[in-house]
Amino acid sequence: MPNTFDRKVSPLLVPERLLLGPGPSNSHPLVLKALANQPVGHLDPFYIDLMAEVQDLLRHIWQTNNRLTLPMSGTGSAAMEATIANVVEPGDTVLVGIKGYFGNRLADMASRYRANVQTIEKPWGTVFSLEELEEALIKFRPAVLALVHAETSTGVCQPMDGVGELCRKYNCLLLLDTVTSLGSVPLYLDEWKVDLAYSCSQKGLSCPPGLGPFTMNIRAEEKLNKREGKVPNWYLDVSLLNKYWGSDRVYHHTAPVNMNFGIREALRLIVDEGLENSWKRHHENAVLLWNGLQELGLELHVSQEYRLPTLTTVKIPEGIDGKAFSLHLLNNHAIEIGGGLGELAGKVWRIGLMGYNSQKINVEKILNIFDSELVKFKS
Ligand SMILES: *Cc1c(COP(=O)(O)O)cnc(C)c1O
């Protein structure tokens, strides 16, 4: 036999971590329990009912009535790609507001679907004003404006008041990344006139990575229906997926049924807590963290009015080895926090309080360690 396997492989033993970084965050224990069930067939009547429940729950936490609302089989990036793949036709102008890492990913994806990609940029840690957005809409007259609501790379929450109205005025679709806001930060998709949005399972929803909630409204559906050619991505084609998630139940791909057990439980837990209570909890624990860090003399990267409750960027003080401190947290306290990306590389730590992890006890734990141990990392 050419490929023999003679090493002994020990049974899986995963170390316990407190994931206070940019994601994934820890899953709720009841979600883990839901995942541990035996799968059922993806056309089993039980599962068909569960699919409808997941769709209804997603509509609720997004505050939308969009018919086409479903979890894509894949992570947030798959759902991100689905929004673009379905509505962007070659030559369409797609305007991307870039103020962090994920704006760049949207621009890259749109270019792969042969869009005419135009971008407006702001420093990482700031937001776009309505005036800046309107000026760009007039200049580029895009078919789609893509924005990131919760920029996980910078800790900024983009205000959405009036943006949807502008997009209607200039006749373009509004595409919104809600990956780090769904379930944890107020989102009113229909009221904000958002035409397409996506998210993931592993940040605010307390579920492992693996599903990417996706939604599109009638305006976006109309653009999809008017396409000249097929959607250039078979796996993410909503017109095909809807034959499974809609009433026909036609096989498309084998649904990751256990992941859908997990997200159903995760969404149920949010509704059980109350959506507004979940938003409030995230806000309150973030304020505790912000105040605590500032009391320790640390500076936050984002000004208070634009701070994202689910992710805080903390400036690494002069003379501190930021990377060594993060490693210390992981090795000695089993806590993961994130470092800076792009413009913020080496300049900030990123502390996430998402979903199940947004708890006072976690805030106190991380603040205590910063208080007592950060001094040891002065060079
Ligand atoms: C995490 C993240 C994504 C990508 O999601 P994956 O699940 O990693 O594919 C997209 N946008 C934002 C804002 C994110 O934080």
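# Pockets and domain contact in a predicted model

The residues lining the largest pocket comprise ten nonpolar, seven polar and three charged. Nonpolar here covers Ala, Val, Leu, Ile, Met, Phe, Trp, Tyr, Cys and Pro, charged covers Asp, Glu, Lys and Arg, and polar covers the others, Gly among them. The model is predicted: local features need pLDDT of at least 70 and side-chain atom pairs count only at pLDDT 80 or more, whereas totals for chains, interfaces and linings use all residues. Residue numbers run from 1 along each chain as its sequence is written, and side-chain values use heavy atoms, with hydrogens and water left out.

**Domain arrangement**

- The protein chain is divided into domain 1 (18-23 + 275-377) and domain 2 (29-271), with bounds from an automatic or database domain assignment.
- The centres of the two domains, taken over C-alpha atoms, are separated by 27 Å.
- Domain 1 gives 24 residues to the contact and domain 2 gives 29 residues (contact: heavy atoms within 4.5 Å).
- Between them, domain 1 and domain 2 bury about 2200 Å², with 67% of this on carbon and sulfur atoms (accessible area, 1.4 Å probe, lost by two parts on being put together, summed over both).

**Largest pocket**

- The volume of the largest pocket is about 460 Å³ (a pocket is an open set of points on a 1 Å grid over the protein atoms alone, where a 1.4 Å probe fits, with protein on both sides within 12 Å along at least five of seven lines; points join across faces, edges and corners, and volume is the space filled by probe spheres set on them).
- Of its 20 lining residues (an atom within 4 Å of a point), Glu16, Arg17, Leu18, Asn26 and Ser27 are the closest to the centre.
- At least two lining residues come from each of β1 (18-19), α1 (29-35) and α12 (360-373) (DSSP runs numbered from the N terminus: helices H or I, at least four residues; strands E, at least two).
- The largest pocket lies between domain 1 and domain 2, because both give residues to its lining.

**Second largest pocket**

- The second largest pocket holds about 380 Å³ of space.
- Among the 19 residues lining the second largest pocket, His149, Cys157, Val185, Pro186 and Glu305 are the closest to its centre.
- Helix α10 (residues 275-295) supplies the largest share of this lining, five residues.
- By class, the lining of the second largest pocket has ten nonpolar, four polar and five charged residues.
- Domain 1 and domain 2 each contribute at least three residues to the lining of the second largest pocket.

- Asn362, in helix α12, is buried because its relative accessible area is 6% (buried: under 20%; exposed: over 50%; partly exposed: in between; 1.4 Å probe, protein chains only).
- Beyond its neighbours within four places in sequence, Asn362 is in contact with Leu18, Leu20 and Asn357.
- Asn362 and Leu19 are 343 residues apart along the chain, and 10.0 Å separate their C-alpha atoms.
- Gln202 sits in the loop between β9 (196-198) and β10 (211-216) and is buried, with a relative accessible area of 11%.
- Outside four places in sequence, Gln202 is in contact with Pro24, Ser25, Cys207, Pro208 and Pro209.

**Backbone geometry**

- Most residues other than glycine have a negative phi, and most peptide bonds are trans.
- The Gly23 to Pro24 peptide bond is cis, with omega near 0°, and Pro24 is in the loop between β1 and α1.
- Arg114 has a positive phi, near 60°; Arg114 lies in the loop between α4 (101-112) and β4 (116-121) and is exposed, at 60% relative accessible area.
- Ala334 has a positive phi, near 55°; Ala334 belongs to the loop between α11 (322-333) and β12 (335-336) and is partly exposed, at 23% relative accessible area.
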